[in-house]
Amino acid sequence: MIDSLQDWLFMVTKMDDFKDGLAGVPAAKSRVSYVDGEKGILEYRGISIQELAQKSSFIETAYLLIWGKLPTAEELEEFQTEIRYHRRVKYHIRDMMKCFPGSGHPMDALQTSAAALGLFYARRALDDPQYIRAAVVRLLAKIPTMVAAFHMIRKGNDPIQPNDDLDYAANFLYMLTERKPDPLAAQILDICYTLHAEHTMNASTFSARVTASTLTDPYAVVASAVGTLAGPLHGGANEEVLIMLEEIGSVENVRPYVEKCLATKQKIMGFGHRVYKVKDPRATILQNLAEQLFEKMGHDEYYAIAIELEKVVEEYVGREKGIYPNVDFYSGLLYRKLGIPTDLFTPIFAIARVAGWLAHWKEQLAVNKIYRPTQIYVGEHNLSYIPIDERVVAIPSEGMDGF
Ligand code: ACO
């Protein structure tokens, strides 16, 4: 209720500043990554994603993101060795996971386990470089182990211990099956990690920075970001893509499916992006990787549906609204071919994105000011408290008036 000219003027001025979803509002100055959504450019610390995907490894890329420079051979070796050494998780964490409902989503299990790590490494010495280094190493090392452990436990098995002979991505595949993976499969997963490691101020990174700005511990920072990534409009979309491809079922069904979605304003999963108005460069790289993998391991029945979907969406709305495949569109197809269960797709995204979240955590600490935005109050004033027996039964309303 607006009851004075002054209130009205205040509202109009503030409403001019208001952007739904903070779209386009800068929330930090950052040197971590850069996106040009019109040209389809993505860079980590100034280096193009294409070059990193081709020449770097995930751990080297994580080092680049977090420490701000490419490591020397010695620095990389040391970082890799530390991560390898810290892969195991305490049996308390494994025991805690045994109490989780097996039907629970692995992202919820991961969020809980990431927060639980903070119980074991509680010291909050954010000005101590050794503490920062140890937290970075532990989180990068233990998150994949916790994802794999929950998967084994929910199947009624004991977790598979990490294999020190294997690199980062290969070890994750090993912890799901206890078999050394095909080198191409491990290489492709490693590139997928690199592609998902960082992407400017998206919802989960914003969440990480807001949490970091309170000077809480890095485990809480990662846990809050994992919770944010889980949603179907963010990291959860890769899982939804496969569910959608299964629902479409055949190439002939693609056109009617797209028409139905557009007529009912239903989002087509794996398409559209707040920033990219062209095809996401990561989607192009993932599509090429998918083709390599199918070449070696046999074709995937859903790939033809995906290609047709990309074509039909472009024809109907792509060019007009800038809706093209995003990073989630082809990643699910790849993970499926690697034998990874659908509900582990988003946790894999999280394993990779830990690198970006930690880079932003460090950057936030260096310039910290606690996040405290404002709001525009659109509720009422000066109402009286009504005794409970005088209240009339409310007619069910539709949620919260759109807020
Ligand atoms: N399918 C159909 N139409 C779409 C899609 C889509 N996937 N995405 C956007 N549009 C349309 C909207 O209906 C809207 O049309 P209108 O102007 O006629 O109303 C217009 O394009 C703008 O859409 P918004 O939702 O306002 O765009 P926004 O930038 O807010 O959303 C988002 C971006 C959330 C990614 C959206 O495209 C979406 O929901 N996509 C599907 C989910 C998905 O794939 N998410 C993963 C994103 S990548 C990541 O998080 C890692």
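Start by selecting valine 254 and the residues it touches: beyond those up to four places away in sequence, the contacts (heavy atoms within 4.5 Å) are Ile248, Ile305, Glu308, Leu309 and Val312. You are looking at a predicted model, in which local features need pLDDT of at least 70 and side-chain atom pairs count only at pLDDT 80 or more, while totals for chains, interfaces and linings use all residues. Residues are numbered from 1 along each chain as its sequence is written, and side-chain values use heavy atoms, with hydrogens and water left out.

Stay on valine 254 for a moment. Valine 254 belongs to helix 13, residues 254–263; helices here are DSSP runs of H or I with at least four residues, strands are runs of E with at least two, and both are numbered from the N terminus. Its relative accessible area is 0%, so valine 254 is buried (under 20% is buried, over 50% exposed, and in between partly exposed, with a 1.4 Å probe and protein chains only).

Next, pick the ligand. Its space is the largest pocket. A pocket, on a 1 Å grid over the protein atoms alone, is an open set of points where a 1.4 Å probe fits, with protein on both sides within 12 Å along at least five of seven lines; a molecule sits in one if more than half of its atoms lie within 2 Å of its grid points.

- Lysine 265: a polar side-chain atom is 2.8 Å from a ligand oxygen atom.
- Leucine 233: a backbone N or O atom is 3.2 Å from a ligand nitrogen atom.
- Glycine 270: a backbone N or O atom is 2.9 Å from a ligand oxygen atom.

Alone, the ligand exposes 920 Å², of which the protein buries 73%, by the Shrake-Rupley method with a 1.4 Å probe.

Finish with two loops. In the one between helix 1 (5–17) and strand 1 (33–36), select leucine 22. Its phi is positive, about 50°, although leucine 22 is not a glycine, and its relative accessible area of 45% makes it partly exposed. Then move to glutamate 178, between helix 8 (168–177) and helix 9 (183–196). Glutamate 178 also has a positive phi, near 65°, and is exposed, at 53% relative accessible area.

Conventions
A polar contact is a pair of N or O atoms within 3.5 Å; within protein, one must be able to donate a hydrogen and the other to accept it, and residues adjacent in sequence count only if both atoms are side-chain atoms. On a 1 Å grid over the protein atoms alone, a cavity is a set of points where a 1.4 Å probe fits but cannot get out, and a pocket is an open set with protein on both sides within 12 Å along at least five of seven lines; lining residues have an atom within 4 Å of a point.
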